[in-house]
Amino acid sequence: MAGFDDLASERSKAQFDVEEMKVIWAGSRHTLEVSDRISRLVANDPVFRKDTRTMLSRKDLFKNTLRKAAHAWKRIIELRLSEEEAAELRFYVDEPAFMDLHWGMFIPTIKGQGTEEQQQKWLPLAYKMKIIGCYAQTELGHGSNVQGLETTATFDPQTDEFIIHSPTLTSSKWWPGGLGKVSTHAVVYGRLIIDSKDYGVNGFIVQLRSLDDHLPLPGITIGDIGMKFGSGAYNTMDNGVLRFDHVRIPRDQMLMRVSQVTREGKLVQSNVPWQLVYGTMVYVRQKIVSDASCALSRAVCIATRYSAVRRQFGLQSNGIETQVIDYKTQQSRLFPLLASAYAFRFVGEWLKWLYMDVNQRLQASDFSTLPEAHACTAGLKSLTTSATADGIEECRKLCGGHGYLCSSGLPELFAVYIPACTYEGDNIVLLLQVARFLIKTVSQLGSGKEPVGTTVYMGRVEQLMQCHCAVQKAEDWLKPSVILEAFEARSMRMSVASAQNLAKFDNQEEGFLELSADLVQAAVAHCQLIVVSKFIEKLQQDIPGKGVKGQLEALCNIYALFILHKHLGDFLSTGCITPKQASLANAQLRSLYSQVRPNAIALVDAFNYTDHYLSSVLGRYDGNVYPKLYEEAWKDPLNDSVVPDGYQEYIQPILKQQLRNARL
């Protein structure tokens with residue numbers, strides 16, 4: 001079958017400048033240059049091979065991960081890579097490891113919650129990897145409910161120390177990545193107890209293992225929590241369990257940027273506002289949204305290329321079957337995911353700006369936008385990770401039976417990615433937080449307090465509650481103002497309806513529990529509006545390159561109209577659009593699929609992923625799928641011998657009828 005010729009032919013059809021689209025995707029020419037150079041550096045290094053990962057035992061898999069992590073650090077030092085380049089290298093190594101938590105959680109937490117003195121003491125050690133840290137918050141019995149954590153940190157005024165203790169089985173720290181076998185230190189969250197009084201949850205820097213022989217320190221029980229979902233996948237990470245038996249640490253190892261415990265045992269607030277801790281949270285969540293676009297685009301790249309290579313049914317006049325990508329059923333499932341990858345990329349870009357804006361405001365003691373920024377990042381983390389997890393699985397199904405093979409790259413990508421729906425906040429819990437914020441915003445309308453940030457549209461509540469969609473023909477759905485108004489009206493009306501229904505309850509908390517499913521849907525509507533509006537804002541910028549802007553406009557419209565189609569009940573039940581207008585939107589969506597079709601391969605080429613990073617026979621750049629699939633099959637250890645181990649013990653007796661008679 002074809003393959004090579006198909007993808008070369010597809011690339012020749014592109015109606016836009018692919019090199020300029022690569023810049024748009026990367027964010028800048030500089031970022032593209034760094035990303036391209038580092039990805040190829042990793043791809044050409046044999047130590048970073050990934051093709052046998054799913055066949056290794058857990059012990060061999062973990063040791064191989066340690067080898068790669070050590071080699072990565074060695075290369076970072078040898079090549080004197082910048083912080084940006086080092087982060088790119090860790091990204092393209094593409095293996096969950098203790099490094100992720102050290103650089104992604106341990107260091108940012110100390111930077112965000114530690115005093116200047118604490119940062120000067122701990123950060124140089126962490127930056128040089130003289131200590132390896134993790135983030136120990138989640139417990140066996142408590143994840144999302146941080147205020148319910150049971151680990152205690154009791155101040156002992158006699159010795160000027162905190163006593164860290166796990167009073168119950170459910171207080172065991174459970175899940176922190178890097179904890180099980182590697183981390184020497186952790187930021188541990190526990191209940192601050194002074195003179196028998198509970199002051200709530202605080203963070204503490206605790207040494208876990210000896211820096212001489214790596215053995216756990218006295219009073220510490222520590223280990224790995226066991227195998228997780230999938231082959232290879234997240235099993236490269238040593239997610240751990242940790243228990244404390246009255247472990248003592250110096251008082252100055254409590255993270256004290258916001259509040260401090262004095263030598264006399266008094267809890268005092270510093271002149272640094274407590275809201276500063278939100279800066280770290282916004283940083284971590286914007287990183288998760290950015291990662292969502294990477295994971296989804298990777299799956300979409302594999303599914304799109306294979307859809308162009310694979311041919312099934314529909315013999316043409318030349319006797320060749322039809323490319324699967326030409327079927328509308330394939331396009332209607334694949335192209336919205338392609339559009340979503342770009343949409344999440346741009347909203348992630350905007351979140352980086354939001355993080356910088358929040359930080360500047362916090363430094364100036366301006367907290368006016370903080371609740372909105374918290375709700376926005378919580379909601380987008382939830383929306384993008386859920387859509388990405390579902391999207392990766394859809395891409396697997398779009399690849400037919402071969403998508404189920406580990407060599408397709410999709411099963412492992414799915415298994416590695418799906419924890420994102422739970423860590424850093426369960427997705428449903430986060431949407432309920434967004435809903436609380438929306439209800440509060442609605443309740444303050446007309447009070448003189450103007451909505452801010454992504455809720456500014458709520459200030460036009462009267463107009464949005466009464467407006468009627470002006471669409472009369474399918475092409476009207478291509479107008480950004482029309483799309484934006486429909487999404488704003490839908491979100492506004494769902495939030496107002498939820499607030500009105502909530503007001504019918506005497507007890508607001510009981511009402512919130514009863515209406516939680518509706519509130520989640522209102523939160524989703526608001527978050528989808530944010531994604532659509534940020535895509536539209538991106539298109540208002542100067543976008544160079546022949547045909548680039550036109551393709552992005554088509555993708556933006558596909559994303560918006562697909563969401564409208566998927567959540568049609570919301571738009572119709574709130575009266576935002578009519579059934580006739582919904583039908584016109586669907587017709588326009590089909591037309592947009594045809595517009596994107598000749599550009600599909602070029603649009604995924606713009607992600608600029610190496611074959612090493614994709615790690616997929618189906619998604620190969622050269623399209624040489626079938627010979628390579630055949631070749632990969634013979635690499636499986638099961639094919640090391642022609643006659644399987646166990647044949648003489650088990651198969652031969654069956655065939656020779658040598659089994660003893662048994663009563664069945």
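Author: Below we go through some labels and the rules behind them. This is a predicted model, where local features need pLDDT of at least 70, side-chain atom pairs count only at pLDDT 80 or more, and totals for chains, interfaces and linings use all residues. Residues are numbered from 1 along each chain as its sequence is written, and side-chain values use heavy atoms, with hydrogens and water left out.

Reader: What makes E4 and E8 a pair of strands?

Author: Two strands pair if DSSP finds at least two bridges between them. E4 and E8 (residues 240–244) have two bridges, antiparallel, so they pass. Trp-174, for one, has Val-241 in E8 as its bridge partner.

Reader: And why are E4 and E7 called edges?

Author: The open sheet runs E4-E8-E7. E4 (173–174) and E7 (220–224) each have a single partner strand, so one side of each lacks a neighbour in the sheet. As for "strand" itself, that's a DSSP run of E with at least two residues, while a helix is a run of H or I with at least four, both numbered from the N terminus.

Reader: How do you know that E5 and E6 pair?

Author: Nine bridges join E5 (residues 185–194) to E6 (residues 197–207), and the two run antiparallel. One of those links is Val-187 with Ile-205. In the hairpin, two residues lie between the strands, and Asp-195 takes a positive phi near 50°.

Reader: Why is the Phe-162 and Phe-204 pair called edge-to-face?

Author: Rings of Phe, Tyr and Trp (its six-membered ring) pair if their centres lie within 6.5 Å; planes under 30 degrees apart are stacked, over 60 edge-to-face, and the rest tilted. Here the centres are 5.1 Å apart with 70° between the planes, so edge-to-face it is. Phe-162 is in strand E3 (residues 161–165) and Phe-204 in strand E6, so the pair ties together parts 42 residues apart in sequence.

Reader: Last one: how do you know that the charge of Arg-298 sits over Tyr-613?

Author: The rule wants NZ of Lys or CZ of Arg within 6 Å of the ring centre and within 35 degrees of the ring normal. The charged end of Arg-298 sits over the Tyr-613 ring, 4.3 Å from its centre. Arg-11 likewise lies over the face of Tyr-621, at 3.6 Å from the ring centre.
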